[in-house]
Amino acid sequence: MNCLIEDFIINNPNGLHARPGAFFVDTLKPFNSEVKICNTHRGEKQVNARSLLSLMVLGIKQGHNVRVFVKGDDAPQALEALRNAIASGLGE
């Protein structure tokens with residue numbers, strides 16, 4: 001099983017208050033794939049994207065670069081969902 005990897009810049013084009021951790025967790029709920037996220041802006045290690053506490057530790061903020069690693073049967077769909085969430089602007 002291959003791992004899909006994609007880099008994103010966390011932006012907020014809609015002017016909403018960014019809470020990326022909660023959005024990552026909520027966006028991934030319907031999927032079974034293993035998803036890890038690394039805040040490359042801060043050089044952090046990979047953490048479980050389904051854990052709000054782990055994501056809070058990464059300190060992801062607007063303008064930060066993140067790398068997403070997705071592995072599983074529905075990995076393309078999970079990655080697409082994350083891509084759409086990030087592109088639409090993360091917010092509350």
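In the predicted model, the side chains of D26 and K29 meet in a salt bridge, with an N to O distance of 3.4 Å. D26 is partly exposed, at a relative accessible area of 45%. K29 is exposed, at 60%. The structure holds 5 salt bridges.

A second pair involves K36 and E34, whose side chains meet in a salt bridge at 3.9 Å, N to O. K36 has 26% relative accessibility and counts as partly exposed. E34 is also partly exposed, with a relative accessible area of 44%. Elsewhere, salt bridges that share partners join E6, E80 and R83 into one network. R83 is partly exposed, with a relative accessible area of 28%.

The strands were examined next. An open sheet is formed by 4 strands in the order β1-β4-β2-β3, with antiparallel pairing. Its edges are β1 (3–9) and β3 (47–48), each of which pairs on one side only. Strand β2 (residues 34–39) is joined to strand β4 (residues 65–71) by 6 bridges. I37 has V68 as its bridge partner in β4. Helix α3 (residues 75–88) lies across β1, β2 and β4 and runs at about 5° to β1.

Cysteines were also considered. A search of the whole structure finds 0 disulfides. C3 is partly exposed because its relative accessibility is 37%. C38 counts as buried, at 11% relative accessibility, which is under the 20% limit.

Key. Residues are numbered from 1 along each chain as its sequence is written. This is a predicted model: local features need pLDDT of at least 70, side-chain atom pairs count only at pLDDT 80 or more; totals for chains, interfaces and linings use all residues. Side-chain values use heavy atoms; hydrogens and water are left out. A disulfide is a pair of cysteine sulfur atoms within 2.5 Å. Buried means under 20% relative accessible area, exposed over 50%, partly exposed in between (1.4 Å probe, protein chains only). Two strands pair if DSSP finds at least two bridges between them. Helices (H or I, at least four residues) and strands (E, at least two) are DSSP runs, numbered from the N terminus. Contact means heavy atoms within 4.5 Å. Axes are lines fitted to C-alpha atoms, for helices over the stretch in contact, and angles run from 0 to 180 degrees between N-to-C directions. A salt bridge is a side-chain nitrogen of Lys or Arg within 4 Å of a carboxyl oxygen of Asp or Glu.
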